[in-house]
Amino acid sequence: MGDMEDDPIVRALERSSIAQTLKAARASLAEPSRPFSPLDRSLFRVADGASPSRPSSGYTVDQLHFAFRDAPARPDSAHSSRSSRTRPETIVEEDGPGFSREGGADVLRLDGSQKGSRGGSRRPSPQDSSEAGAGSDGSEELTPMVAGGAMPSPPARTPHRPPKPPSAGGYPTSLSSSTSGLSLRHASGSGYPDGAGGSTVLDKSPRHKAASPSHKKRSSSSKALGSSSSITDSSPRRRKSSASPSPAGSPLTPGGSTRADWDEAADAVMARLQELASSKEQRRQNPDLLAQLCDRIWELVSDIQAGRGRSPQKFASKLLREVMGLMDLKDMKDPKFLFKLSRSALALLKTEGSTTGFPASGVQQAYLNIAQGLFKYSQKGEYDKDFLSERLIEPLLEVLESQAAECSSNDLRVYIVGILKNVSQDEENQKLLSERGAVTVLFKLLGGEHLTGSSKEAQLLIQATAALRNLAGGRSHTEFLREDRLDALTRVMSLFPVHVELLTNVSRILSKLTLHAEACEAFAKNGAYMRQIAKTLSANPDCTPLTLRLAFVLGNLTERSDRLRVIFAFDCEGTALAPQLLAKYWQKERQLARIGPDQATNGIKEVEEVLVKLVRLLANIAISPTAGATLASSSAVVDPLLDMLGAKKIGESEELVLNVVAAVTNLLFYDVPSNLLFQDENKQLLCRLLRPLLLESYNVEALVETARALGNLSRHADARRCMAGLRIDEILVILLDHDDAGLVFYVCGALVNVAADPDCNVRLMNSSPIVQKLGKLLSEAPPDDPALRLVAVKVLTNLSLDPSIGWTPTDVEAVRSVLEQMPADCEEVAMEDDDEQTISDRNQLLNLSQELLLRLPQVEPGAGEEVHLSVPSGGGGRRGAAAAGEDDGSPVSPPPKKADAPSDRPRTGGGAAAAAHHGSHDWACRYPGCTRRFASEAKMLAHMERRHAAKA
């Protein structure tokens, strides 16, 4: 033992002590890695030759045309009833200095070219544009829009209220054309319409000495509206407010002003909007005005929805035409404008009467164009917040819910759901969508008996399932667990058995759902869900992304439910399916490895991820006794696992190696003649393959799984001799100093078996300080962890079986001191509500400690270098030299007797339940430094409340 400082094994393990300070490993059975899906905002990810007519995203926003193409002429009633001005001829857009025209003219027609429009003018058609402008260079041409026109004539009828004082511009309302003056405003109490809050307005215009009470006609629209600097009234005198109440019978708006007043003021605002829309130069010189223009449009829309005006439906139709026309202007297709206009257009399209007289195809196309424009911007994550701030998500959901014919187009729904899919990648948008019932809306697209499995249906379902995947995380997952919704998901898988993109989206939803225990409980209620998942996996073995995710889903389900393990293993023929897939993908990985890592890096990585999920699935299935014994006898399972353990290094393929060792450990539990892992050559091979993991792994879980595997393997005498020949027993002794209590527990479990072997016993005592380390472990182990203390005493008991082997006086004294204190410690921590397993461990600990204490002599002063243990009367020499699990059929003599190793049953390959298994204890205490383990989560939580609540 004096030469251990120069031992290469000791030096290797000392180097790994640096890694013990790392609190988290890259791979973990407790938290298996989830399949990674790169962010993708395209409409479809997989090409589909069978559906060449499916919606496309291969366009630009500038190529979209929003204006109504075959809209009817504006009816006279669409204009204000108080206005008699006529429409001017076509307004030609002004080109400012330095303005260069671009090719590819966008012809905007806000009206049809039918006869009967005011003023007898006709809106030019695209043919007119091409004929008249044959020599042009592609300028943008606008249709006629009212820019103000002549001032309305006094009404012929007797007015219902006193005439209003004229404003500087000849209009009965103050309309400022400054950057903040596009709203409908009136002086408080004047009865003027107020579209922006009804604030008091000061008339700042110079007084006209010759002004008559009657309205004066303006010579042109520019005089009526004024320029951006001439409309503002700069007079310091406050405008006189009418003190007369509105006469009885005059229809009032919700704001208190007459509907006729609102009509007139709204027409004035419309005129101003049209003027700005008709002039590129004004828009270029006043870029800030465009955003305010969009805001004022929304104010008009809000007023229409509130019922202002005498004919809000007709005015809505007029405003809708203008909004769609504005959206056709190139500079208005900027996202900050298009978002605002889209919200207004969607609101107007659903307003009653706004589309009267328009062909249904035109209304459908309007919806579709808006959706296409918004979808293009949703493809860029930088606009996600804008969809929220501009309040576009709610109207999109309303369109999706609508049963109207113009909203039922499959293409329209594809684009709208595609928008929701993209913007739902933002957490705030996810929250809003969940609050607004988006999950319910999307599941309506998946449910029902209307689905037939057609490719056109798949186009919409691809978008819906992708959006649902984004909403399946966090607390929203409970909304998916209703039976009808799980039915809908699995029914989609059944109807579209080979539609890879759709199936992959469904598998991504299931991957997120099955991370939660509640989801697994819901799946366990109906075996049909598991059968459909297995059927889909079997039908698409060559689709790597789909196989990866479905194997992950099955691994999650079999981790928590023994019923689902049996269903998958036998009802779904999982004991054949999983090995077939494992062999297939292992062969594929070996083929890629031969090509070379430089050329096939991505391919190898993807295939290895599939192998991780398949091995984890096998490890979980093996927990079922019937399925585990079957798998252990299959060369299709055992051979690939051993090959992976030999070909893969933990430093390069950490998660794969970790899961392989866990699967091997679970299979080693079944010590039956048919278990291929217990063949002589395989036992020796396993010892050689597991040894490097003890020396090289910085992953505590890998060390734990290796110790578990060696614990099961060491039940065989030839395996113990192989371990001794490879010095694995010495490595286990060194690991007794590890600070992870779970690892130390399993190391002791393997040492119990090794110490029961006479040859290994002698080796251990002569080549390692095992007694010293166990005495230290007993003194430092928490008194309320009887399981850890018990397994350490078992090792000492087996080491004491041979009385010919001497112990050092220091070791004897250290062990005696701890054993004498044991009864007091057990009594101190005993609780009335301790579970049965804890009570059993404590009783065994007390009994075995007393038996060992009787064998340890009192160390007298001046004792020699070695002390030999005594053998109680009737002992008859050494007994129980066989390892745990073996029995030679002879009668058992009184003590000394061997102590059996704890039964290390199979455990799950991942998840919370795999965090700390100690024999039959599944749940480890979460309090730092506590090593107690419990058979159930409820008992663990009760222990934490009882023991650690005051410390927290």
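Predicted model: local features only at pLDDT ≥ 70, side-chain atom pairs only at ≥ 80, totals over all residues.
Contact here means heavy atoms within 4.5 Å, and helices are DSSP runs (H or I, at least four residues) numbered from the N terminus. Residues are numbered from 1 along each chain as its sequence is written, and side-chain values use heavy atoms, with hydrogens and water left out.

**Helices H26 and H28**

- Leu 658, Val 661, Ala 662, Thr 665, Asn 666 and Leu 668 of H26 meet Glu 701, Ala 702, Glu 705, Thr 706, Arg 708, Ala 709, Asn 712 and Leu 713 of H28.
- These contact residues comprise seven nonpolar, four polar and three charged (Ala, Val, Leu, Ile, Met, Phe, Trp, Tyr, Cys and Pro count as nonpolar, Asp, Glu, Lys and Arg as charged, and the others, Gly among them, as polar).
- The axes of H26 (residues 654–668) and H28 (residues 700–713) cross at roughly 25° and come within 9 Å.
- H26 is therefore roughly parallel to H28 (angles under 35 degrees).

**Helices H19 and H21**

- H19 (residues 527–539) packs against H21 (residues 562–571) at an angle of about 45°, and their axes are 10 Å apart.
- H19 contributes Gly 527, Met 530, Arg 531 and Ala 534 to the contact, and H21 contributes Arg 563, Leu 564, Ile 567, Phe 568 and Asp 571.
- The residues of this contact divide into five nonpolar, one polar and three charged.

How values were computed
Axes fitted to C-alpha atoms, helices over the stretch in contact; angles between N-to-C directions. Helix = DSSP H or I, 4+ residues; strand = E, 2+ residues; numbered from the N terminus. Parallel < 35°, antiparallel > 145°, perpendicular 65-115°, else oblique.
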